[in-house]
Amino acid sequence: MSEIIYLHGVHEATADAKGRFMLPGSFRKQLEKVLDQGFIIKRSIFSKALELFPKAAWNDRAKDLNHLSRYNREHMEYMRVFTSGLQSVELDSAGRIQIPKELIEFAGIKKDITCAAISDTIEIWDTK
């Protein structure tokens, strides 16, 4: 089991025309031990927002998903919805994360975004 991650804070950021945004410094500092492992970004199942997981936190979630039965219709439907739009992303040399185009469209991200920590996850949504 990986080290438990508890993030805190709400920050504003700006997405450029290519969908890149600077991961707020507070989050980079909180995640410095795992930044080099990358992230998983996916659609939220409850709102038009995105969820950004450090890979270590995602791997723990994936273990939980693996305990669900693939022969149970409700479990399979949940797994499909939960992993919908899932993609691997990394911090570039400038400290930015590239949000994939289809996830930008899903969340309706135009320019100004809000990044809010919830436990081991960062939720991202269009500020407006």
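Predicted model: local features only at pLDDT ≥ 70, side-chain atom pairs only at ≥ 80, totals over all residues.
Helix α2 spans residues 55-65, and its buried residues are Ala56, Ala57, Trp58, Asp60 and Leu65. Three elements pack against these buried residues, namely the strands β3 (39-43) and β4 (50-54) and the helix α3 (73-82).

The loop between β3 and β4 contains Ser44. The relative accessible area of Ser44 is 7%, and because buried residues are those under 20%, Ser44 is classed as buried. The side chain of Ser44 places a polar atom 3.2 Å from the backbone nitrogen of Phe46. A polar atom of the Ser44 side chain likewise lies 3.5 Å from the backbone nitrogen of Ser47. When residues up to four places away in sequence are set aside, Ser44 touches Ala49, Leu50, Glu51 and Phe106.

Leu50, one of the residues touched by Ser44, also takes part in strand pairing, with Ile124 of β8 as its bridge partner. Strands β4 and β8 run antiparallel and are joined by 3 bridges. Strand β8 also pairs with β7 (residues 112-118), in the antiparallel sense and over 6 bridges. Within this second pairing, Ile118 has Thr121 of β8 as its bridge partner. The two strands β7 and β8 form a hairpin with 2 residues between them, and in the turn Ser119 adopts a positive phi of about 60°. Strand β8 comprises residues 121-126, and because 5 of its 6 residues are buried, the strand is largely enclosed by the rest of the structure.

Key:
Residues numbered from 1 in each chain as written. Heavy atoms only, no water. Buried < 20%, exposed > 50% of the residue type's maximum accessible area, 1.4 Å probe, protein only. Helix = DSSP H or I, 4+ residues; strand = E, 2+ residues; numbered from the N terminus. Contact = heavy atoms within 4.5 Å. Polar contact = N/O pair within 3.5 Å; in protein donor to acceptor, adjacent residues only side chain to side chain. Pairing = 2+ DSSP bridges.
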